[in-house]
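Subject: Structure handover and notes

Dear colleague,

Please find the structure below, as promised.

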Amino acid sequence: MGKALRTVNADLHCHSAFSDGTLEPETLAARAKANGVELWSLTDHDELAGQRRARDAAAALGLPYLTGTEISVSFAGTTVHVVGLGFDAEDGDLAAGLAATRGGREPRAREMSEALAKAGIRGAYEGALKFVGNPELISRTHFARFLVEAGHCRDTSEVFRKFLTEGKPGYVPHRWATLKDAVQWITAAKGMAVIAHPGRYKFTANEEYALFVEFKAHGGQAIEVVTGSHTPAEYVEYADKALEFDFAASRGSDFHSPDESHCDLGQLPPLPGKLTPVWELLAHRIQ
Ligand code: AMP
Ligand code: MN
Ligand code: MN
Ligand code: MN
């Protein structure tokens, strides 16, 4: 790469129909390439089923690729997402950990449907299933798409605001993987653990400090700084925190769907200066 590593157009966070995105891995790869992405990763929630197709499609396009996933974790009563990058996709313990994490989704979805029925919305489980690309990966996003289709809300953000977030009628608390397990599954598989969109959690300063310290103690090495989920002010805030905690920095759109995502693949600003990009540390894992 002839230019400064920091300015490589890396997009290391997005979703396919194997989780809650709407596009197939090949379509995403082509879209990334067309948008000028120079290093790509598909990071489906709790799932590796799309990895081979993503990697093969990227290879066919001459697009450098890192393996990826986004693990759902419960920490301090909140759901935190931990992205894994550059791991060995054949690792058995990682696969087993993700399978166990996915296993909670089906009973949770049935509970969500019962909760929504009490709020007057019938048939939500069956309705959400129509949008599901992977039977093991039914998510709130699929319920949101059903509620929009059924005319209960104008768009999926409104569904989350009115129905699917804490304190709202369709929200069901859930116990995901532990922070320690998620980080260790990734690092034991030779990958790097990255805290996804840290600005999105409603943590107090003390809780966020505890998250960063525990994450680091378990072997976590990076945080997302430039992501579709951060405001420009948060790019600066988390660039400072990456330096403070000596974390490498990642960059990714978190693209899910052309109809829903406000941030497309490869369209984010570069990482702020001074940061160590995760792709510098993962150079030997790029395929
Ligand atoms: P789940 O893993 O089933 O809890 O679903 C989490 C997913 O819901 C996230 O990965 C996002 O894709 C989506 N999501 C969460 N909050 C919102 C929101 N406020 N607006 C739109 N999508 C959201
Ligand atoms: Mn998602
Ligand atoms: Mn996330
Ligand atoms: Mn995501």
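What follows covers the conventions, then the overall fold, then the metal sites one by one.

This is a predicted model, in which local features need pLDDT of at least 70 and side-chain atom pairs count only at pLDDT 80 or more, while totals for chains, interfaces and linings use all residues. Residues are numbered from 1 along each chain as its sequence is written, chains are lettered from A and ligands numbered from 1 in the order in which they are written, and side-chain values use heavy atoms, with hydrogens and water left out.

Overall fold

The protein's secondary structure consists of 11 helices and 7 strands (DSSP runs numbered from the N terminus, with H or I of at least four residues for helices and E of at least two for strands). Its radius of gyration, taken over C-alpha atoms, is 18 Å, close to the 19 Å that the globule rule gives for 287 residues, so the protein is as compact as a globular protein of that length; the rule itself is 2.2 Å times the number of residues to the power 0.38. The C-alpha trace spans about 55 × 45 × 40 Å along its principal axes.

Of the 287 residues, 53% count as buried, where buried means under 20% relative accessible area, exposed over 50%, and partly exposed in between, with a 1.4 Å probe and protein chains only. Among contacts (heavy atoms within 4.5 Å) between residues at least 6 apart in sequence, 73% join residues at least 24 apart.

Metal sites

For all three sites described here, donors are N, O and S atoms within 2.8 Å of the metal (3.2 Å for Na, K and Ca), and since water is not among the atoms, the sites may look incomplete.

The manganese ion (ligand 3) is coordinated by Glu70 (OE), His81 (ND1) and His197 (NE2) at 2.1 to 2.2 Å. Glutamate 70 belongs to strand β3 (residues 68-75) and histidine 81 to strand β4 (residues 78-85), so the two tie together parts that are 11 residues apart in sequence. Glutamate 70 is buried, with a relative accessible area of 0%, and histidine 81 is buried at 12%. A distance of 5.6 Å separates the manganese ion (ligand 3) from the manganese ion (ligand 2).

The manganese ion (ligand 4) is 4.5 Å from the manganese ion (ligand 2). Histidine 13 lies in the loop between β1 and α1 and aspartate 254 in the loop between β7 and α11, so that pair ties together parts 241 residues apart in sequence, and both residues are buried.

Best regards
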